[in-house]
Amino acid sequence: MNLNPKIDRIPFNLPFTTGKEMEYIKQAIATEKLSGNGKFTKKCQAWLESRIGCQKALLTHSCTAALEMTALLADIQPGDEVIMPSYTFVSTANAFVLRGGVPVFVDIRPDTLNLDETKIEQAITERTRAIVPVHYAGVSCEMDTIMEIARKHNLLVIEDAAQGMVSRYKGKPLGSIGHLAAVSFHDTKNIISGEGGALLINDPELIERAEIIWEKGTNRSQFFRGEVDKYSWVDVGSSYLPSEINAAFLWAQLELAEGITRKRLSTWRYYHQVFKKLEYEEILHCPIIPDDCQHNGHMYYLLLEDLATRTALIEQLKREGISAVFHYVPLHDSVAGQKFGRVVGEMKVTNDIADRLLRLPMFADIRESQMYGVSNIIEEFFAAYSHTSSDRNIFNSNNLNNLNVDVA
Ligand SMILES: *Cc1c(COP(=O)(O)O)cnc(C)c1O
């Protein structure tokens, strides 16, 4: 084991493979059917339906594609509004903008960095069609409250569960709670197929149309089930099916989903016990996981004092061969976000954390020596930094006092 982190280059992400991928891809080739909706696609979809407990799962070539399908299923018309966080990936908004929809951005909670459910109702107008909770870092949004608001105002809830594979909220897997959900198998996520995703459907009334949209606007799925005697163009749609080669790769990953999650959670816990000490010394903040949420170790992030501290730490880590990265530029601040979206209320938490959040190397096969390398460099950085910074106490320098819950 190489304990010298300086020689040990540590990437931010390293795609994990189970070793079964090639075998399943060979099997897919042997079936002489490489286009979508074959044996491996069906196996993956059945796994998602039973493991997540959704009514229907359809594999897609990305989570972005699955989100675009949700916008079609929600029948988003020009001017229709969709409430979502600004601290998210562009696809959350783009999927609706493509249909002429207007992303309406509200602030996030200071603890989970998820859509602040107490800010949703003030953003609802007669044009509102849907709420899109994004489960940041695989930690669930406050879904009971969000579902209740949606019920009261007759809105669709579309979970962006891109980062949420096998996480749970009050025991329920993410992706099984909203009317629709989208997951990602992009190689930066926990369970991967290179590029990939799935649409999960929990409202049975949306299943038939989802299959049609998935199959380029045709009723081909019904035809193959023998429900119609020929298939033809019946609705809008596009090509959303991944090939069997992708599905075969994904099957090898789904089989080991629990093991992959356990590996990531053990890294997450290692980081957490190390950095809790720095949190106790009021140097930084660690992620907060509410009691109702069982997460999947998708991400370990630190909230640092300010942008300057983050920049200095990123540079220090880079000098040691360690890649740690920040995350989203808030969408409401982006060129397209300003053109297509609008903001309701203050974006205090979003604006504050975007400059201070740092993600640490996290992948299923990270070695212990690499985890020690990362934590040692950060501890050394703050040991030195505390002598040079005159105002290091983030509990006082930060105007968001409500961030300072749960240091226990
Ligand atoms: C990764 C991600 C997406 C997009 O996933 P793709 O599979 O790359 O299209 C969408 N939303 C969130 C929150 C993500 O993290």
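How far from an oxygen atom of the ligand is a polar side-chain atom of Lys189? The answer is 3.3 Å. Keep in mind that this is a predicted model.

In Thr64, a side-chain N or O atom is 2.5 Å from an oxygen atom of the ligand. Asp160 faces a nitrogen atom of the ligand instead, with a polar side-chain atom 2.8 Å away.

How much of the ligand does the protein cover? On its own, the ligand has 380 Å² of accessible area, and the protein covers 93% of that. And where does the ligand sit? In the largest pocket.

Now, salt bridges. Side chains of opposite charge can pair when their charged atoms come close. The count here is 22 salt bridges. I'll show you two.

First, look at Arg109 and Asp111. Their side chains meet in a salt bridge, with 2.7 Å from N to O. Are these residues buried or exposed? Both Arg109 and Asp111 are buried.

Next, find Lys170 and Asp292. Their side chains form a salt bridge too, at 4.0 Å from N to O. The cut-off for a salt bridge is within 4 Å, so this pair counts as one.

Terms used. Residues numbered from 1 in each chain as written. Predicted model: local features only at pLDDT ≥ 70, side-chain atom pairs only at ≥ 80, totals over all residues. Heavy atoms only, no water. Polar contact = N/O pair within 3.5 Å; in protein donor to acceptor, adjacent residues only side chain to side chain. Areas by Shrake-Rupley, 256 points an atom, 1.4 Å probe, with all protein chains shown as cover. 1 Å grid on protein atoms, 1.4 Å probe; cavity = no way out; pocket = protein on both sides within 12 Å on 5 of 7 lines; lining within 4 Å. Sits in = over half its atoms within 2 Å of the grid points. Buried < 20%, exposed > 50% of the residue type's maximum accessible area, 1.4 Å probe, protein only.
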